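These are my notebook entries on a single protein chain. I looked up charged side-chain contacts, then the fold and the accessible surface.

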Amino acid sequence: MSNTERDVDHVLAYPEPPASPLWHRHGAKARPLTDAQRKRNRELLDIAQRSPRPRSPQTLAEAR
């Protein structure tokens, strides 16, 4: 086996499989949010950005 044969990644030598048909959506589009929903989302985002992040749960060893 020559150096060039060893350097080639054989997985990359094959063509990429076709994309799944599930990745393409050809249907009804999502409904736009109402003004009330947008306002609620903005309020929740504001609260989430202001509040401190929750601490990670303690392990059993730390709790003892």
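This is a predicted model: local features need pLDDT of at least 70, side-chain atom pairs count only at pLDDT 80 or more; totals for chains, interfaces and linings use all residues.

Entry 1. I find the side chains of Arg38 and Asp35 joined in a salt bridge, with 3.1 Å from N to O. I count as a salt bridge a side-chain nitrogen of Lys or Arg within 4 Å of a carboxyl oxygen of Asp or Glu. I number residues from 1 along each chain as its sequence is written, and I take side-chain values from heavy atoms, leaving out hydrogens and water.

Entry 2. I place Arg38 and Asp35 in helix α2 (residues 35–50), 3 residues apart, about one helical turn. Asp35 is exposed at 58% relative accessibility, and Arg38 is partly exposed at 38%. My classes are buried under 20% relative accessible area, exposed over 50%, and partly exposed in between (1.4 Å probe, protein chains only).

Entry 3. I note a salt bridge between Asp46 and Arg50, at 3.0 Å from N to O. These residues lie 4 apart in helix α2, again about one helical turn. Asp46 is partly exposed at 33%, whereas Arg50 is exposed at 67%. The count of salt bridges comes to 2.

Entry 4. I record 3 helices and 0 strands, in the order α-α-α from the N terminus. Helices (H or I, at least four residues) and strands (E, at least two) are DSSP runs, numbered from the N terminus.

Entry 5. Of the 64 residues, 0% count as buried. The chain exposes about 7,400 Å², with carbon and sulfur atoms supplying 56% of it; the areas follow the Shrake-Rupley method with a 1.4 Å probe, and for residues only the protein chains shown count as cover.
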